Amino acid sequence: MAVVSSAKPGVRRERVRATRARPAPKRSRRRTERLVVDAILLLVTVVFLVPLAWLVLASFNGTADLRVRVPHPFTLDNFHRVLNSDITYRPVLNGLILCGGATALCVVCAVLAAYPLSRYESRYKRPFLLSILFTTGLPITAVMVPVYAMFVQVNLIDTMYGTILFLGSSALPFAIWLTKNFMDGVPLVLEEAAWTDGATSLQTLRHVVVPLMWPGITVVTIFTFLSMWGNFFVPFFLLLSPDQLPASVSILNFFSSRGTVDYGQLAAFSTIYSAPVVVLYAVMSRVLGGSSALGGALKG
């Protein structure tokens with residue numbers, strides 16, 4: 001009996017040691033996977049940061065070229081040369097008018113179109129949504145020639161409002177798809193309570209649905225504005241007067257016919273050109289950073 005009892009603790013200790021020794025390969029494998037993922041993320045970060053570093057450094061470099069290097073000599077002359085009405089002020093203002101007007105038009109129409117798609121059932125709902133999904137992948141270059149011919153026929157060529165209409169309509173399918181997904185998250189019971197109090201559908205949309213999905217509308221606004229702000233092809237085709245061209249097109253002025261480029265002035269202009277997007281993101285992120293009104297609505 002004594003021999004048997006003395007053997008059991010030894011067996012148990014061996015089993016415990018074996019159990020503790022097994023997870024070692026798993027921990028090593030996880031550590032290797034983590035290192036690989038960190039290396040990939042670091043590589044992606046460098047790929048994104050190198051062009052930004054060149055942009056900032058070259059804008060202050062008096063002898064800028066395609067190399068990423070410390071400005072020598074350090075100068076503000078690049079900004080002084082581009083900060084005038086013809087090169088920067090008017091093109092940026094034109095871009096704000098075009099993109100701001102088209103974004104406002106697109107977001108309003110997207111909310112109005114997404115509301116019946118989210119709240120009402122129809123046998124044509126699915127085909128319509130699939131058609132919207134198809135148009136989001138349609139390249140803009142495929143329709144520019146017939147659009148140009150149509151604009152000439154209806155006297156919309158070389159007009160700011162005509163370009164705003166086309167920019168807003170071209171971004172509308174993607175905006176409708178996003179807006180509908182955000183609107184599906186608003187409980188229908190809140191609208192039913194408003195209908196019980198005598199509110200119409202438009203009043204319910206304005207006073208109940210839109211305030212609750214405001215973070216979603218903010219996301220749609222940012223994505224829509226970003227897609228338009230960098231759009232070169234549409235204003236280049238539809239606007240003919242140089243004084244109406246936005247900054248996304250006037251950037252061609254820094255490329256001469258002989259292929260030479262003033263990289264310092266180009267970098268300075270690109271830095272100023274990026275400022276409205278950064279400001280829009282900073283302002284809108286404050287809205288996204290706040291708590292959603294939906295949580296407070298559901299508590300009642």
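This is a predicted model: local features need pLDDT of at least 70, side-chain atom pairs count only at pLDDT 80 or more; totals for chains, interfaces and linings use all residues.
View 1. Helix α7 (160-183) supplies the largest share of the lining of the largest pocket, seven residues. α5 (125-136) and α10 each supply at least two. The pocket has a volume of about 530 Å³. Of its 19 lining residues, Thr135, Leu138, Ile140, Ser170 and Ala171 are the closest to its centre. A pocket is an open set of points on a 1 Å grid over the protein atoms alone, with protein on both sides within 12 Å along at least five of seven lines; lining residues have an atom within 4 Å of a point. Volume is the space filled by probe spheres set on the points, which are joined across faces, edges and corners. Helices are DSSP runs (H or I, at least four residues), numbered from the N terminus.

**View 2. The largest cavity.** One cavity of 30 Å³ or more is found in the whole structure. The largest cavity has a volume of about 70 Å³. Its lining includes Cys99, Met228, Trp229 and Tyr273. α4 (85-119), α10 (214-229) and α12 (247-250) each give two or more residues to this lining. α4 gives the most, three residues. A cavity is a set of grid points where a 1.4 Å probe fits but cannot get out.

**View 3. Salt bridges.** The whole structure holds seven salt bridges (a side-chain nitrogen of Lys or Arg within 4 Å of a carboxyl oxygen of Asp or Glu). Asp65 and Arg69 pair at 3.4 Å, N to O. Asp65, Arg67 and Arg69 are linked in a network of salt bridges. Glu121 meets Lys125 at 3.7 Å. Glu121 is exposed at 70% relative accessible area, whereas Lys125 is buried at 15%. Asp184 and Lys180 pair with their closest N and O atoms 2.8 Å apart. Asp184 is partly exposed at 38%; Lys180 is buried at 11%. Buried means under 20% relative accessible area, exposed over 50%, partly exposed in between (1.4 Å probe, protein chains only).

**View 4. Helix α9 (residues 201-212).** The helix has 12 residues. Buried residues of α9 are Thr204, Leu205, Val208, Val209, Val210 and Leu212.

Residues are numbered from 1 along each chain as its sequence is written. Local features need pLDDT of at least 70, and side-chain atom pairs pLDDT 80 or more, while totals for chains, interfaces and linings use all residues; side-chain values use heavy atoms, without hydrogens and water.

Terms used
The expected span of a helix is 1.5 Å times one less than its number of residues.
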